Amino acid sequence: MTNTSAFDAPLTIDSDAVLVVIDVQKGFEDYAFWGERDNPEAEQRIAELIDVWEATGRPIVTVQHASAGGPLVPGTPGYELKDFVAAAKSDLHITKQVNSAFYGTPDLHDWLQQRGARQVVITGIITNVCNETTARMAGNLGYDAIFPADAMHAFDMTGPDGVTVPAAELARATSTVLHAMRFAKVVGTETVVAAAGAGRPAAAGAR
């Protein structure tokens, strides 16, 4: 899990911290399939993170989920990244068929190791599925995982008892577990943007 000193200290963002933007795809707008969501400002917060990463020359990884059925099937409109993410200057694009961004192609862990990167900032969709799974793995692999919980959203889900749990409660549970078990440092986008913006902007043409 995330090392204790990094977890307890005030947030700092490394000059080479990697922003991992997970599954921000048009198919998640199919609410008839997914159900009700929380956090209508998630996309705005994600865009704010992308903007500061581009402005400071830090690396961005985009991730795209390929499903065998449903709204995220390759070749369908729903598979496509939302326009503001598709327009981002991505340093690596990963496709995956499971929940964790660490189980995709190309291999995220290998790429991070080659760069010597130690800090990952996780954003995207869905809070308590692919984002949480990726954050847990990042912590287990020894990365300093940062989880801006307002830069993502969840959907209502129904449990084995037939009770539907609201998306906001599921998102809160995710933040609670990641924080309490120290998988990741759970913060707000404003905190990340402020810390990242303190970094020196990249020289023109550096990317």
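**Overall picture**

I started with burial: 48% of the 207 residues of the protein count as buried (under 20% relative accessible area, with exposed over 50% and partly exposed in between; 1.4 Å probe, protein chains only). This is a predicted model, where local features need pLDDT of at least 70 and side-chain atom pairs count only at pLDDT 80 or more, while totals for chains, interfaces and linings use all residues. Residues are numbered from 1 along each chain as its sequence is written, and side-chain values use heavy atoms, leaving out hydrogens and water.

Next I looked up the secondary structure and found eight helices and 10 strands (DSSP runs numbered from the N terminus: helices are H or I, at least four residues; strands are E, at least two). The radius of gyration is 16 Å, close to the 17 Å of the globule rule for 207 residues, so the protein is as compact as a globular protein of that length (taken over C-alpha atoms; the rule is 2.2 Å times the number of residues to the power 0.38). I noted a C-alpha trace spanning about 50 × 40 × 30 Å along its principal axes.

**Confidence**

I then checked pLDDT, the predictor's confidence in each residue, from 0 to 100. The mean is 93, and 92% of the residues reach 70 or more. Over residues 199–207 it stays under 50.

**One residue**

Last, I visited Asp144, which sits in strand E6 (residues 144–148). Asp144 counts as buried because its relative accessibility is 7%.

Notes: Contact = heavy atoms within 4.5 Å.
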